[in-house]
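Please keep the sequence and the structure in view while reading.

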Amino acid sequence: MTGAPARTLLLWCPDWPVLAAEIVDGVPATGPVAVMHANRVVACSERARAEGVRRGLRKREAQGRCPQLTVVEYDPGRDARAFEPVVAAVEELVAGVEVVRPGACAVAARGPGRYLGGEEAAAERIIEHVAQSCLVESQVGIADGVFAAGLAARAGRVVAPGGTPEFLAGLPVEALGRSALADLLRRLGVRTLGDFAALPAGDVLARFGFDGALAHRLAAGRDHRPLAVRQPPADLTVTAEHDEPIDRVDAAAFVARALAERLHERLAGHGLACTRLGIEAVTEHGQELHRVWRHDGLLTAAAIADRVRWQLDGWLSGSNGRAGARPARPTAGIIRLRLIPDGVIAQAGLQAGLWGETGEERERAHRALSRVQGILGPEAVVTAVLGGGRSLADQVRLVPWGDERVPARPGPPADAGADPVTGRGGGGAPPWPGRLPAPAPAVVLPSPLAATVHDAAGEPVVISARLAVSAPPARLVVGTGQPAEIVGWAGPWPVDERWWAPAEARRRARFQVSLADGAALLLAVEAGQWLVEAIYD
């Protein structure tokens, strides 16, 4: 936060939310238009301002001042989408653009000022180019720092180097864009940015906090950060057009290898590697096919070629739609094929194995499973991800092979170091009170089996509301099977979940039992019914 701020050129499009509504939704910006957020005006057109509409007015008051007012809801996504062509137009003339917000973008003024004939000439050239390319009116301000350049853009001024503090000194404190702070400063007798900048920095920090200290720096003409320029994204997509439709797998394999080599060379030229690959194909009949392949390592040229070949094989060899799990094959050959590197990282971002690559056996397994996905779809091959939870079913999440392995709930399941009372693991995992102690069962049944448990006298064993067991369990009957003798048991471990949501509430107690034949089971009692949930190995 030290040093003089750099000369900054900022392009500002007045009333941008109104212009974005015209560009995207077709609302005429020449009429009385107001963009509303939380029932207040956040932007309005020039015609609406002539009728007395101002920012901050409530909707009813704004409509009272201008009965013919067209009200548009605020949509930041719409504003950003509509502003992207403006940023692209600026990037055609200058490099290193930072989008300050939708409707305003900034660049370092030094470069454009040199090769466009001075700062004023650069400002005029950029305004003219944006107007011709995007049919959007804009204003440019140049000053020391982004904050001062933004205020200069509203007046269309070029502030001389070193003159930024003097330019800011006469502006009202509302120019900081902090309404609560501005109101407090006015009540304290501080009405201009010059008055605010004259206050001691230590006193400002003590009285107004960190945000007030940042505003104090801005008022003095000292930005708190440099420009975070946006680098124009490189076009890494490769496309192949074919006059003769591809309808044979061998021809598709040849095309896949050539296109994969082109993509790999383009990525290598930018020092990048691909971890997620999008494959798009268009058939002669206009059918569009798309599939995304993921990989936890670096996709080499051979790996890209294999995945493209497998995917084309899966599409061209699909079923005819009458039966079978495989998708229907396209009705015509492929005339356009595109490879889109959807996920790229620096080529040194993943480290190879100790002896070179990540492992030949692992790669063979990955290739085999990926090919099955190419034929049957990404959901056909899934792997288990362990996470947190009280029940065994909650602790496991199945994700498609190659997708990000993120647990559904934070924290690992119970391990050998977990406390059976608190459920807290030895590795600092989030606690899950009521979860089972180690070891975990080997088999979790997809649907629990109904069972009955009796004591030595043949009476059913029941659990009271206070988790008191009526008698020691002695015999277990699963479904309509034969009774089995219980030689050991532990529990109960109670679970009372989501009691605040009656439709989702669940209350049960679990037991671990060992049988005379050597089997061990996990039992649960819920609403008076015994259930077999899992089997121990």
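## A question to begin with

How many bridges join strand 2 to strand 4, and do these strands run parallel or antiparallel? Four bridges join strand 2 to strand 4 (residues 70-73), and the two run parallel.

## Basis and overall make-up

The model is predicted, so local features need pLDDT of at least 70 and side-chain atom pairs count only at pLDDT 80 or more, whereas totals for chains, interfaces and linings use all residues. Residues are numbered from 1 along each chain as its sequence is written, and side-chain values use heavy atoms, with hydrogens and water left out.

The chain holds 14 helices and 19 strands, where helices (H or I, at least four residues) and strands (E, at least two) are DSSP runs numbered from the N terminus. Of its 537 residues, 40% are buried; buried means under 20% relative accessible area, exposed over 50%, and partly exposed in between, with a 1.4 Å probe and protein chains only. The accessible surface is about 28700 Å², and carbon and sulfur atoms contribute 54% of that area, as computed by the Shrake-Rupley method with a 1.4 Å probe, only the protein chains shown counting as cover for residues. Among contacts with a separation of 6 or more, 52% link residues 24 or more positions apart, a contact being heavy atoms within 4.5 Å.

Three strands form an open sheet in the order 3-2-4, with mixed pairing; two strands pair if DSSP finds at least two bridges between them. Strand 3 and strand 4 are the edge strands, each pairing on one side only, and neighbouring strands of this sheet are turned by 40 degrees against each other on average, direction ignored. Strand 2 (residues 33-37) is mostly covered, with four of its five residues buried.

On the strand 4 side, V33 has T70 as its bridge partner. Strand 2 is also joined to strand 3 (residues 40-44) by four bridges, and here the strands run antiparallel, with H37 bridged to R40. The hairpin of strand 2 and strand 3 has two residues between the strands, and A38 in this hairpin takes a positive phi near 55 degrees.

Helix 1 (residues 16-25) has W16, P17, V18, A20 and A21 buried, and the elements covering these buried residues include strand 2, strand 3, strand 4 and helix 4. After helix 1 comes G26, with a positive phi near 75 degrees.

Strand 1 (residues 7-12) pairs with strand 6 (residues 104-108) in the antiparallel sense over five bridges, and L9 stands opposite V107 in strand 6.

## Helix 9 against helix 11

Helix 9 (residues 179-187) and helix 11 (residues 201-219) have axes that come within 11 Å and cross at roughly 105 degrees. That angle makes helix 9 roughly perpendicular to helix 11, a term used for 65 to 115 degrees, with angles under 35 degrees counted as roughly parallel, over 145 as roughly antiparallel and the rest as oblique.

In this contact, L181, L184 and L185 of helix 9 meet R207, F208, G212 and A215 of helix 11. The residues of the contact divide into five nonpolar, one polar and one charged, where Ala, Val, Leu, Ile, Met, Phe, Trp, Tyr, Cys and Pro count as nonpolar, Asp, Glu, Lys and Arg as charged, and the others, Gly among them, as polar.

## The surroundings of L521

L521 has its place in strand 18 (residues 520-526) and is buried, with a relative accessible area of 9%. Leaving aside neighbours within four places in sequence, L521 is in contact with L476, F511, Q512, V513, L515, V532, A534, I535 and Y536. L521 and V532 lie 11 residues apart in sequence and 6.9 Å apart in space, C-alpha to C-alpha.

Definitions and conventions:
Axes fitted to C-alpha atoms, helices over the stretch in contact; angles between N-to-C directions.
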